[in-house]
Amino acid sequence: MKIKTEQDLSCNEIEIVIKYPQMDSQVNRIIYLLQSSDMRIRCDMDHTEHMICIPDIYYIESVDKKTYVYLEKAVYHTDLRLYQLKEKLQEYGFVQISRSCILNISALESTRPLFNSRMEATLKNGEKVFINRNYLSGVKQALKGVEEI
């Protein structure tokens, strides 16, 4: 993949052109990543409203009918329900890993199998979350879309 950048002082906004020989999962992933960079979720912390960028989210968890958004070093609350977020974020690399948690595949550092067909996922910030066996196939499918070097 080649990346070219060009400054044009006559432009009013950023324009991105993607040239490809054939539409495939890599091209789709690039498009979704670019689109997600502008997408934000309204959250609050300590009675202060924040707009959180989608790529900054590590995972989202529902506990006692409250939804929490986890970033590298912070936790926010949102009024949105987990199922609403799952529907909106699925195309941006988020996958359900348990009944109460969705994970940003981009935040995943490693996985290791556990007993009972479960997996432990270690995130880039060192935090660990568990992947329930009922959701393993979805995680494996999401990981297939991630390109290896």
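This is a predicted model: local features need pLDDT of at least 70, side-chain atom pairs count only at pLDDT 80 or more; totals for chains, interfaces and linings use all residues.

## A quick briefing

**The overall layout**

- The chain has 3 helices and 10 strands.
- Read from the N terminus, the order of elements is α-β-β-β-β-β-α-β-β-β-β-β-α.
- Of the 149 residues, 30% count as buried.
- Take the contacts in the chain with a separation of 6 or more: 38% of them come from residues 24 or more positions apart.

**Surface and charge**

- The chain's accessible surface is about 11100 Å², and carbon and sulfur atoms own 47% of that.
- There are 20 positive and 21 negative charges in the chain, and their mean positions lie 8 Å apart.
- Glu6, Asp8, Glu13 and Glu15 come together as a negative surface patch.

**The stretch before helix 1**

- Is Ile14 buried or exposed? Ile14 has a relative accessible area of 76%, so it counts as exposed.
- Glu6, from the negative patch, is also found in the segment before helix 1.
- Glu6 is exposed because its relative accessible area is 73%, and the cut-off for exposed is over 50%.
- Met1 belongs to the segment before helix 1 too, and its 77% relative accessibility makes Met1 exposed.
- Which residues does Met1 touch, leaving aside those up to four places away in sequence? They are Gln26 and Ile30.
- Met1 and Tyr20 are 19 residues apart along the chain, and their C-alpha atoms are separated by 9.4 Å.

**Two loops with a positive phi**

- His47 isn't a glycine, yet its phi is positive, at about 65 degrees.
- You'll find His47 in the loop that links strand 1 (40-45) and strand 2 (48-53).
- His47 counts as exposed because its relative accessibility is 85%.
- Lys65 is another residue other than glycine with a positive phi, near 65 degrees.
- Look for Lys65 in the loop between strand 3 (59-63) and strand 4 (66-70).
- With a relative accessible area of 72%, Lys65 is exposed.

**Salt bridges**

- How many salt bridges are there? The count comes to 2.
- One joins the side chains of Arg42 and Glu49, at 2.8 Å from N to O, and both Arg42 and Glu49 are exposed.
- Glu120 and Arg112 form a salt bridge as well, with their closest N and O atoms 2.7 Å apart.
- Glu120 counts as buried because its relative accessibility is 9%, and buried means under 20%.
- Arg112, its partner in the salt bridge, has 44% relative accessibility, so Arg112 is partly exposed.

Conventions. Residues are numbered from 1 along each chain as its sequence is written. Side-chain values use heavy atoms; hydrogens and water are left out. Buried means under 20% relative accessible area, exposed over 50%, partly exposed in between (1.4 Å probe, protein chains only). Helices (H or I, at least four residues) and strands (E, at least two) are DSSP runs, numbered from the N terminus. Contact means heavy atoms within 4.5 Å. Accessible areas come from the Shrake-Rupley method with a 1.4 Å probe; for residues, only the protein chains shown count as cover. Lys and Arg count as positive and Asp and Glu as negative; His and the chain ends are not counted. The place of a charge is taken as NZ of Lys, CZ of Arg, CG of Asp or CD of Glu. Patches are made of residues with over 30% relative accessible area and no salt bridge: like charges are joined within 9 Å, nonpolar side chains (Val, Leu, Ile, Met, Phe, Trp, Tyr) within 5 Å. A salt bridge is a side-chain nitrogen of Lys or Arg within 4 Å of a carboxyl oxygen of Asp or Glu.
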